Amino acid sequence: MSAKKVLIVGAGPAGLLAAHHLLLKGQPGAFDVTVAERRADPRESMQASKRSYSLGLGVRGRSSIKDASASLWELVKTRGVECERFSLHLGRRVLQIRQTSPQLISEPSVLINRADLCAALLDGFEDKDIFTQKVQAPTLLFERQCISVDCKEKVAVFQGPDSGLESVPYDVLLGADGVNSAVRNALLASEDAIRYAQAPLNGTLKTIHQKMPVALDPLSVHAMSGVIPPQGDPSTTATERLGLFWVPERNRTTGELEACALVTWSPESEPTSLLSASSAVDAQVSPHTWVPTPFHRVSSVFFAVRLCW
């Protein structure tokens, strides 16, 4: 019996972990897996880490990776930061709300840059302790933009870096290609279209990578809200209302502890000073650049919290 051709569109954490599960947990030789990704290999450039946000691997994420391979989890864990503290800043007050009960949490969460998580999962395909001679690693196709999917003929068409087109046949198709999913759009346009509903999220998110401000615990996640006064003058009427979420992360090159700042805002309070910044140095993000306020946009900050926990 020939192996089923499985095409996974999208080499993010979901697509790569799906490939691990199919190849490591399935019957040997049962699946011939190809993973196609429109971006470049995240291991070949630091730009992927700079534009990516950090996320947290809690009980479900940890269990899913461990279920594929305990060695894979150890590979991922070394790239991240173990954390079990969460600080909620309400004006000048700070509440420690992270649960530490051993009945609820057996291990700390691991905070890791999304691109570094993908790099670790990709390295797992080359690890001989994980992929032995009996298990064939997947075929990886980077810089392949999915142009179309023919659900009847079971063929996906990709555009490569030289603008050439490439057809990839499949038996099983897995769409892990994000918000503007070409796979989902193809399924919705097919005769057997699925029923669905969607709604836009209120707010916008920007990530900035820099050192954790000295005033904050470097091993805690911090959520806060506030306003940036014009020219930094607290006595002036403030117009830029923000939610800020600090997540510890490890620098891929140096291994040093740093932080990812996730900034959220609503359309009526667009932070022009942050949007015009070309780097973390220009942005100068710190708890002292704004006036702390009670949470005025719980939904925006909660959106950021859900990304990491």
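Residues are numbered from 1 along each chain as its sequence is written, and side-chain values use heavy atoms, with hydrogens and water left out. Because the model is predicted, local features need pLDDT of at least 70 and side-chain atom pairs count only at pLDDT 80 or more, whereas totals for chains, interfaces and linings use all residues.

The sheet is open and consists of three strands in the order 3-7-4, with antiparallel pairing. Strands (E, at least two residues) and helices (H or I, at least four) are DSSP runs numbered from the N terminus, and two strands pair if DSSP finds at least two bridges between them. Strand 3 (54-57) and strand 4 (81-83) form the edges, each pairing on one side only. Neighbouring strands of the sheet are turned by 30° against each other on average, direction ignored. Strand 4 is joined to strand 7 (residues 109-113) by three bridges; C83 has S109 of strand 7 as its bridge partner.

Helix 4 (residues 70-77) packs on this sheet, touching strand 3, strand 4 and strand 7, and its direction makes about 65° with that of strand 7. Helix 5 (residues 114-126) lies across strand 3 and strand 7, at about 95° to strand 7. Contact here means heavy atoms within 4.5 Å; axes are lines fitted to C-alpha atoms, for helices over the stretch in contact, and angles run from 0 to 180 degrees between N-to-C directions.

The two helices also pack on each other. The angle between helix 4 and helix 5 is about 145°, and their axes are 9 Å apart. L72, L75 and V76 of helix 4 meet L117, A120, L121, D123 and G124 of helix 5.

A search of the whole structure finds two aromatic pairs. Rings of Phe, Tyr and Trp (its six-membered ring) pair if their centres lie within 6.5 Å; planes under 30 degrees apart count as stacked, over 60 as edge-to-face and the rest as tilted. The rings of F86 and F245 are a tilted pair because their planes stand at 50°, with centres 6.1 Å apart. This pair links distant parts of the chain, with F86 in strand 5 (residues 86-90) and F245 in strand 15 (residues 240-250), 159 residues apart.
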